[in-house]
Amino acid sequence: MPLFWGDWTVRWALCSLWQRDQEDAGILSTLRRWLGTGKRWFNRRVEFKIGIMMQQPVVRDSSRSDDRCHFVRTQTHRAGLPFSLKEFEKRSQQGNFLYELFVDGNPVSYGWVAGPGAQVGILHELNMRVPEHALYIWDCATPEEHRGKGYFQTLLRSMMQSQGVETNVALVAVDSNNTASKAALKKVGFQPLFTYWSFRVFGRVVLSLALKDGRLTWAQPQFDQLQFS
Ligand SMILES: CC(C)(COP(=O)(O)OP(=O)(O)OC[C@H]1O[C@@H](n2cnc3c(N)ncnc32)[C@H](O)[C@@H]1OP(=O)(O)O)[C@@H](O)C(=O)NCCC(=O)NCCS
């Protein structure tokens, strides 16, 4: 009889310990979920971003050619493009051109080019009117299955080759965290012009600064002052 009671007491004690563990684990996972939601909410409302404005003189060189690669300026929308017809037409009307690289007939990389005079958004409220004699490269991508094969670099070179003689400089703004893009741009010869920061809280930009030649300034004037001959 004492053995029977002892047995049940041990079982009851183990059971309540297990129950308490389960409750603790439940409380912890709820707390973790709340913290995750809070963090996501905070990150959506408080945004700090760093970008680098890069430039590269346009050097014309027609020696590169690969029969499998085909570079085109896409003038009409088609199914499979990662933008709607409406978006394509809007961008085209605003002075942008879409360029694509095809390998063995398959699209492997694309990028948009804005010509002189086009107004482009850079980051948050920072914007730029593309200066005379320059082109601005933006919204480029290589589908995941084609990445790391040098297609973006080929696209960049081809985009620069395809410009008229009056275009002397190519510009691109890249997120400082975009390692792949920075590596490709550097290999093609792009050099940093200046770095810019923008801090946005609840949809309002509270500070945007630029660092150029060791001097800290407001960011927007750096974009406004860009001039090339
Ligand atoms: C950025 C992007 C367009 C590059 O396309 P891609 O065709 O793979 O680029 P490339 O192969 O020409 O060059 C990428 C270079 O970065 C390197 N690279 C890729 N990921 C890297 C990483 N995480 N760290 C360091 N280097 C990296 C590659 O090895 C390659 O260098 P290599 O020629 O010396 O090998 C592609 O990753 C992409 O579509 N990203 C999402 C969209 C985007 O960020 N667009 C911004 C463009 S401004």
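**A tour from the ligand shell to the core**

Start at the ligand: the residues of its shell divide into nine nonpolar, eight polar and three charged. Here Ala, Val, Leu, Ile, Met, Phe, Trp, Tyr, Cys and Pro count as nonpolar, Asp, Glu, Lys and Arg as charged, and the others, Gly among them, as polar. You are looking at a predicted model, in which local features need pLDDT of at least 70, side-chain atom pairs count only at pLDDT 80 or more, and totals for chains, interfaces and linings use all residues. Residue numbers run from 1 along each chain as its sequence is written.

Next, select Thr142, Arg147, Phe152, Ala180 and Ala183, which come nearest among the 20 residues around the ligand (a residue is near if its C-beta atom, placed from the backbone, lies within 6 Å of the molecule).

Now colour β7 (134–141), α3 (151–161), β8 (169–175) and α4 (179–188); each supplies at least two shell residues. Helices (H or I, at least four residues) and strands (E, at least two) are DSSP runs, numbered from the N terminus. Which helix gives the largest share of the shell? It is α4, with six residues.

Move on to the largest nonpolar core, which has 37 residues. Such a core joins buried Ala, Val, Leu, Ile, Met, Phe, Trp, Tyr and Cys residues through C-beta atoms within 7 Å; buried means that 20 or more other C-beta atoms, placed from the backbone, lie within 10 Å of a residue's own. Leu135, Tyr136, Ile137, Leu155, Leu171 and Val172 have the most contacts inside this core, and α3 provides its largest share, six residues.

Key
A residue is buried if 20 or more other C-beta atoms lie within 10 Å of its own, exposed if 12 or fewer, and partly exposed in between; C-beta atoms are placed from the backbone.
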